[in-house]
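Let's take a friendly walk through this model, from its sheet to a few individual side chains. Have the structure open beside the text and follow along.

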Amino acid sequence: DCSGFGRVLPRMWNLEAPPCLVPRTACFTMFEGEERPTGSEEGDIWCGIVPDVGWCWTIPFSDGRTSVGFLADTKRYAAFFL
């Protein structure tokens with residue numbers, strides 16, 4: 001359900017159990033005015049994997065803003081970025 005530690009669906013359906021997810025850290029921001037793909041790729045969400053580290057995304061919104069971010073387990077994030 002993409003809610004991570006928020007666990008929206010398990011709470012809603014009374015399926016509570018201790019989370020088995022490792023702690024994760026993300027950084028993200030929004031951009032405006034960047035060049036975007038056109039044609040059949042216009043509006044596509046892009047995700048990428050950084051092997052053994054985490055994953056990243058680019059999400060274009062219809063209002064012209066684009067979300068760009070990166071997520072990794074906290075230990076690998078710190079080693080990769082700090």
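Predicted model: local features only at pLDDT ≥ 70, side-chain atom pairs only at ≥ 80, totals over all residues.

Now zoom out to the strands. They form an open sheet of 4 strands in the order β1-β4-β3-β2, with antiparallel pairing. At the edges lie β1 (24–32) and β2 (46–50), each of which pairs on one side only. On average, and with direction ignored, neighbouring strands are turned by 15° against each other.

How many bridges join β1 and β4? These two strands pair in the antiparallel sense over 9 bridges, and in this pairing Cys27 stands opposite Phe70 of β4. On the other pairing, β3 (residues 54–60) and β4 (residues 65–73) run antiparallel over 7 bridges. Bridge partners there include Ile59 with Ser67 of β4 and Thr58 with Val68 of β4. The two strands make a hairpin with 4 residues between them, and Gly64 in the turn has a positive phi of about 100°.

Helix α2 (residues 74–81) packs on this sheet, where it touches β1, β2 and β4; the helix direction makes about 110° with that of β4. Is β4 largely enclosed or open? Of its 9 residues, 7 are buried, so β4 is largely enclosed by the rest of the structure.

How many disulfides does the model contain? The count comes to 0. A disulfide would need two cysteine sulfur atoms within 2.5 Å. For Cys27, the nearest cysteine sulfur is that of Cys56, 9.9 Å away, and Cys27 is in no disulfide. Cys47 is in no disulfide either, and its nearest cysteine sulfur, again that of Cys56, is 7.7 Å away.

| Residue | Relative accessible area | Class |
|---|---|---|
| Arg7 | 14% | buried |
| Cys27 | 31% | partly exposed |
| Cys47 | 58% | exposed |
| Trp55 | 36% | partly exposed |
| Trp57 | 13% | buried |

The two tryptophans deserve a look together. The model holds 2 aromatic pairs, and one of them is Trp55 with Trp57, a tilted pair with 5.2 Å centre to centre and 50° between the planes. Within this pair, Trp55 counts as partly exposed, whereas Trp57 is buried.

Finally, visit Arg7, which lies in the segment before α1 (8–12). Why does Arg7 count as buried? Its relative accessibility is 14%, and buried means under 20%. Arg7 and Ala17 are 10 residues apart in sequence, and their C-alpha atoms are 9.8 Å apart in space.

Definitions and conventions:
Residues numbered from 1 in each chain as written. Heavy atoms only, no water. Pairing = 2+ DSSP bridges. Axes fitted to C-alpha atoms, helices over the stretch in contact; angles between N-to-C directions. Contact = heavy atoms within 4.5 Å. Buried < 20%, exposed > 50% of the residue type's maximum accessible area, 1.4 Å probe, protein only. Phe/Tyr/Trp six-rings, centres within 6.5 Å; stacked < 30°, edge-to-face > 60°.
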